[in-house]
Amino acid sequence: MTAGAIDTEALGSITVTMTIDGAAVAGAATIPVINPATEEVVAQAPRASREQLDAAIAAARRAFPAWRATPLDKRRAAVRAIAEVLRANADELAALLTTEQGKPLAVARGEVDRAAMWAEGIAGIEWDERVAEDTDQHRVVVRRMPLGVVGAIVPWNFPVTLAVWKIAPALLTGNTLVLKPSPNTPLTALRIGELLRNALPAGVLNVISGGDELGPWMTSHPSFDKIAFTGSSATGKKVMASAAEHLTRVTLELGGNDAAVVLPDVDIAEVAPKLYWACFSNSAQYCLATKRLYVHADIYDELAEALAEYGRSVTVGNGMEEGVQLGPIQNRAQYEKVRGFVEESRAAGHRFVLETPVDQERGYFIGPMIVDNPPEDSRIVTEEPFGPVVPMLSFTDADDVIERVNASPYGLGGSVWGTDVEAAVAVAERIESGVVWVNEVQALSPHIPMGGHRESGIGRENGVEGVLEYTATQSLAVRK
Ligand code: NAD
């Protein structure tokens, strides 16, 4: 599909419905959905009432016994069928994603394709029963059981991928689900719910959208067996506190302040574009974006120039237009927040290695910016802006840089870059985070567990570890 072929007005007139018990349900009220590139209202999404949340949970509860009893091979096939549905509708979903989220159309298409690949990958994940003891007296097998009804809450930066990251493992392991997208980007998840109505038994996957009240209603609800949450660390703390009332299990995939440590022996021309995209893909609205660039003093100036030069070649604009590589910030609140970081840096007299002009009359646009060696205690270094403003910081000593990297309350990801791979690995091993890469970054797969240390979260997604987060261990002891 070419960008010119998209009829955004037709998309705006699409009515998306919630999916409860396999049926279309309109909201008790509506919430406007805004295209961040144009600031136009493109759709009215359903705003679920508390009764509709109860109905979705009740439907998931009714569907649970038959779904958990469905042979694993059939559940694998059902999760693979999700991939087929996503692929068959990829053009439509990509256009919808660009319209509500802002990312360039080709990137949106990539997200839908990746989500399909993910469903397939998760569908193939195997786990074992383990014999814990086999004596003359008894045999004890450690097995895995589904938890029951899962409430899944996702953010607005990767609305398709992050929904599938929860749907696939939850359904594979025999749970049923109530999925809630962000009020900022509800359309793609709701549409996926519609598209999957015929692919799954009624009640197995329910998709509901709502206002700011819906998330707290879910986390405090007594009838969920687990809350699977992706979002900010601040909200994650509220989710955990709220879920504590009913001891509802949680996985929390939260914020990050990932560092890239660039050692002095790197090939600057080769790594500069990689580091640029590490920082700025998805307009830096990425939990695993590089948010602090620690560069050895010997190469600091040369790398700064290479990043600035590369940055000048990148086009920021409306994601529906051909050739655009970076879209807007997804919503006004986030736009104001990121601008706050920039203004604070300017007021503090920080210089900028890179500033990217944006030629747009409307929309929440901020072009990529790199701040030149700000003090280590400035907010741009210590906090997660979740937008395209990144501090570049100089270091000379490995112990010092590792201490600075690990001083963050976050611990999601990180990367080390160097030609001497052994030396780079030695640094990487000392970074306290859930994922760390050497000479690559953000390389994820359905088979690689990811998640955070400290305030970046609890639990893991993806891989066997991530799938098993949707299960409870049962030790089954049989007397001989
Ligand atoms: P957010 O925490 O504001 O919202 C996330 C979701 O939680 C939304 O669906 C929202 O409606 C809901 N929510 C808001 N308040 C709630 C409450 N009190 N109780 C229950 N639910 C509530 O996050 P965001 O701004 O949408 O997303 C950006 C953040 O997400 C960043 O910090 C980013 O790093 C993080 N993130 C983490 C990962 C990861 O895998 N670790 C992935 C993507 C994004």
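## Domain arrangement

The C-alpha centres of domain 1 and domain 2 are 30 Å apart. The model is a predicted one. Domain 1 is made up of two segments, 8-254 + 456-479, and domain 2 covers 258-445. Where the two domains touch, domain 1 supplies 27 residues and domain 2 supplies 28 residues.

## Nonpolar cores

The largest nonpolar core contains 124 residues, and within it L171, L179 and L303 have the most contacts. Helix 6 (residues 159-172) is the leading contributor to this core, giving 10 residues. At least three residues of the core come from each of domain 1 and domain 2. In soluble globular proteins, nonpolar side chains tend to be buried together.

Setting aside residues up to four places away in sequence, L303 touches V262, I268, V271, A272, L275, V295 and M392. Another core, of 27 residues, lies apart from the largest one; F341, Y364, F395 and A424 are among its members.

## Helix 4 and helix 7

Two packed helices are described by the angle between their axes and the distance between the axes. For helix 4 (residues 90-101) and helix 7 (residues 187-195), the axes come within 9 Å and cross at roughly 155°. Angles over 145 degrees count as roughly antiparallel, and helix 4 and helix 7 are therefore roughly antiparallel to each other.

On the helix 4 side, the residues in contact are E92, L93, L96, L97 and E100; on the helix 7 side they are L187, T188, R191, I192 and L195. Sorted by class, this contact has six nonpolar, one polar and three charged residues.

How many of the residues of helix 7 are buried? Nine of its nine residues are, and the helix is mostly covered. The buried set includes R191 and E194 as well as L187, L190, I192 and L195. T188, A189 and G193 are also buried.

A259 belongs to strand 12 (residues 258-262). Is this residue buried or exposed? Its relative accessible area is 3%; the limit for a buried residue is under 20%, so A259 is buried.

Neighbours within four places in sequence aside, A259 is in contact with T290, R292, Y294, V405, G413, G414 and S415. D359 is 100 residues from A259 along the chain, and the C-alpha atoms of the two are separated by 30 Å.

Methods. Residues are numbered from 1 along each chain as its sequence is written. This is a predicted model: local features need pLDDT of at least 70, side-chain atom pairs count only at pLDDT 80 or more; totals for chains, interfaces and linings use all residues. Side-chain values use heavy atoms; hydrogens and water are left out. Axes are lines fitted to C-alpha atoms, for helices over the stretch in contact, and angles run from 0 to 180 degrees between N-to-C directions. Helices (H or I, at least four residues) and strands (E, at least two) are DSSP runs, numbered from the N terminus. Angles under 35 degrees count as roughly parallel, over 145 as roughly antiparallel, 65 to 115 as roughly perpendicular and the rest as oblique. Contact means heavy atoms within 4.5 Å. Ala, Val, Leu, Ile, Met, Phe, Trp, Tyr, Cys and Pro count as nonpolar, Asp, Glu, Lys and Arg as charged, and the others, Gly among them, as polar. A nonpolar core is a set of buried Ala, Val, Leu, Ile, Met, Phe, Trp, Tyr and Cys residues joined through side-chain atoms within 4.5 Å. Buried means under 20% relative accessible area, exposed over 50%, partly exposed in between (1.4 Å probe, protein chains only). Domain bounds come from an automatic or database domain assignment.
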